[in-house]
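Colleague: I have a model open on my screen and would like to learn how to read it. Could you walk me through a few features?

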Amino acid sequence: MTEEKLISSEEIALYDRQIRLWGIAAQARMRAANVLLVNTGALANEVAKNIVLAGIGSLTVLDCQTVSPLDLGGQFLLEESDIGSNKAEASAARIQKLNPRTVVSADSSNFMEKTAEYYAKFDIIVATELEVDDLISINDICRQNSKPFYAGTSIGLYGYIFADLIKHTFSIEREKSNISIKPGPESATRSIIDVIVKKEGPKLKEIVTKQETYKPLSASLQSDNLSKLRPRSLMKISPVLPAIKAMWNFHKDTGSQKPTSETDLAQFHHLVVDACRDFGLPVGIVSPGFTASFARNIGTELSPIAAILGGVLAQDILNYLGQREQPIQNWVIFDGDSSTAPIYSL
């Protein structure tokens with residue numbers, strides 16, 4: 001059965017604009033995709049909205065937590081009447097209204113109880129608002145099942161996205177360059193595997209097929225790839241990157257989610273400095289003022305920041321499914337102090 005037959009004429013009319021952008025074959029792959037979303041915070045709300053409106057086949061929301069008054073500040077899928085009810089069930093009902101063509105399911109059980117067989121049922125797994133050990137555990141299971149894995153968290157004015165697509169092949173279509181492009185290595189993680197040139201009217205276009213190879217989260221956190229950059233470039237690295245690692249280490253060391261005293265803050269600052277050294281970064285990119293600001297933001301959700309991160313993450317999921325465009329490799333860091341979202345390959 002061809003992709004065109006998989007999509008009805010009604011769906012072609014509904015998704016006409018995006019089909020023109022990425023093609024009917026890509027839309028058919030999205031329509032067949034089964035996505036798992038672990039946890040339903042502000043970032044997950046944005047991701048769910050964007051991928052469901054784009055026409056993915058099915059979405060399962062997995063969350064055992066109950067809705068609290070604090071959730072209402074940054075999560076538009078929840079209402080005051082939901083307080084005390086399960087977050088997955090409350091969110092799924094409103095996600096479903098966004099696009100009746102997508103099958104939306106709620107799972108109110110604990111993600112820690114799920115087996116590798118459970119995760120194997122999905123085409124993409126997205127985990128948000130989790131501690132690093134849980135993320136690594138799910139990431140490792142995804143690798144065992146050859147499933148792409150995304151992680152992300154909105155941290156007040158800051159946030160991150162991590163992608164492990166294992167080995168991903170994609171194509172970029174563009175006007176033919178004057179520079180001859182041949183198959184072979186393009187970077188440490190990317191190779192060009194095919195180049196096709198075709199004529200469209202008076203212009204020549206080329207379809208470049210590439211393959212990107214990824215590291216799991218555990219290996220990425222041990223990487224010192226950034227240390228190979230020039231000193232001037234190193235000083236431009238966002239301090240949010242080491243602060244995220246320090247946030248996870250602080251929780252493991254103390255059992256607390258965030259620093260709440262001057263002693264805690266001093267310990268957190270030392271952990272950020274240690275994380276700089278782990279990544280091969282100069283400690284000069286971090287100041288006590290920054291670590292205090294980051295610490296205050298831990299555990300908070302701001303809708304505008306979640307919307308930015310959620311838009312980037314959702315678009316990368318759609319790019320992955322459509323096998324189009326350059327994917328994230330492998331970190332996106334949002335720094336609200338500078339209003340930037342650089343991509344770092346670790």
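Predicted model: local features only at pLDDT ≥ 70, side-chain atom pairs only at ≥ 80, totals over all residues.

Colleague: Let's start with the pocket. How much space lies in the largest pocket?

Modeller: The general idea first: rolling a probe the size of a water molecule over the atoms shows where empty space is left. Here, the largest pocket holds about 730 Å³.

Colleague: Which residues lie nearest the centre of the largest pocket?

Modeller: Glu 129, Gln 257, Gly 299, Thr 300 and Glu 301 do, out of a lining of 28 residues. Strand 5 (149-155) and helix 11 (240-254) are the elements that give two or more residues to that lining.

Colleague: Now a single residue. Is Thr 102 buried or exposed?

Modeller: Buried means under 20% relative accessible area. Thr 102 has 0% relative accessibility, so it counts as buried. You will find Thr 102 in the loop between helix 6 (87-98) and strand 3 (103-107).

Colleague: What is Thr 102 in contact with, leaving aside its neighbours within four places in sequence?

Modeller: Its contacts are Val 52, Gly 55, Ile 56, Gly 57, Ser 58, Leu 59 and Gln 96. Look at Ile 56 in particular: its backbone oxygen is 2.8 Å from a polar atom of the Thr 102 side chain.

Colleague: On to strands. Why is strand 6 described as largely enclosed by the rest of the structure?

Modeller: Because seven of the seven residues of strand 6 (residues 158-164) are buried. Tyr 158, Tyr 160, Phe 162 and Asp 164 point one way, while Gly 159, Ile 161 and Ala 163 point the other way, and all are buried.

Colleague: Which strands pair with strand 6?

Modeller: Strand 5 pairs with strand 6 in the antiparallel sense over seven bridges, with Ile 155 opposite Tyr 158. Two residues lie between the strands of this hairpin, where Gly 156 takes a positive phi near 60°. Strand 11 (residues 331-335) also pairs with strand 6 in the antiparallel sense, over five bridges; there, Ile 161 has Val 332 as its bridge partner.

Colleague: And what is the order of strands in the open sheet of four strands?

Modeller: The order is 7-10-9-8, with antiparallel pairing. Strand 7 (167-175) and strand 8 (184-185) each have a single partner strand, so one side of each is left without a neighbour in the sheet. Strand 9 (residues 190-200) and strand 10 (residues 203-213) pair over 10 bridges, and one of the bridge pairs is Ser 191 with Gln 211.

Conventions:
Residues numbered from 1 in each chain as written. Heavy atoms only, no water. 1 Å grid on protein atoms, 1.4 Å probe; cavity = no way out; pocket = protein on both sides within 12 Å on 5 of 7 lines; lining within 4 Å. Points joined across faces, edges and corners; volume = space filled by probe spheres on them. Buried < 20%, exposed > 50% of the residue type's maximum accessible area, 1.4 Å probe, protein only. Polar contact = N/O pair within 3.5 Å; in protein donor to acceptor, adjacent residues only side chain to side chain. Contact = heavy atoms within 4.5 Å. Pairing = 2+ DSSP bridges.
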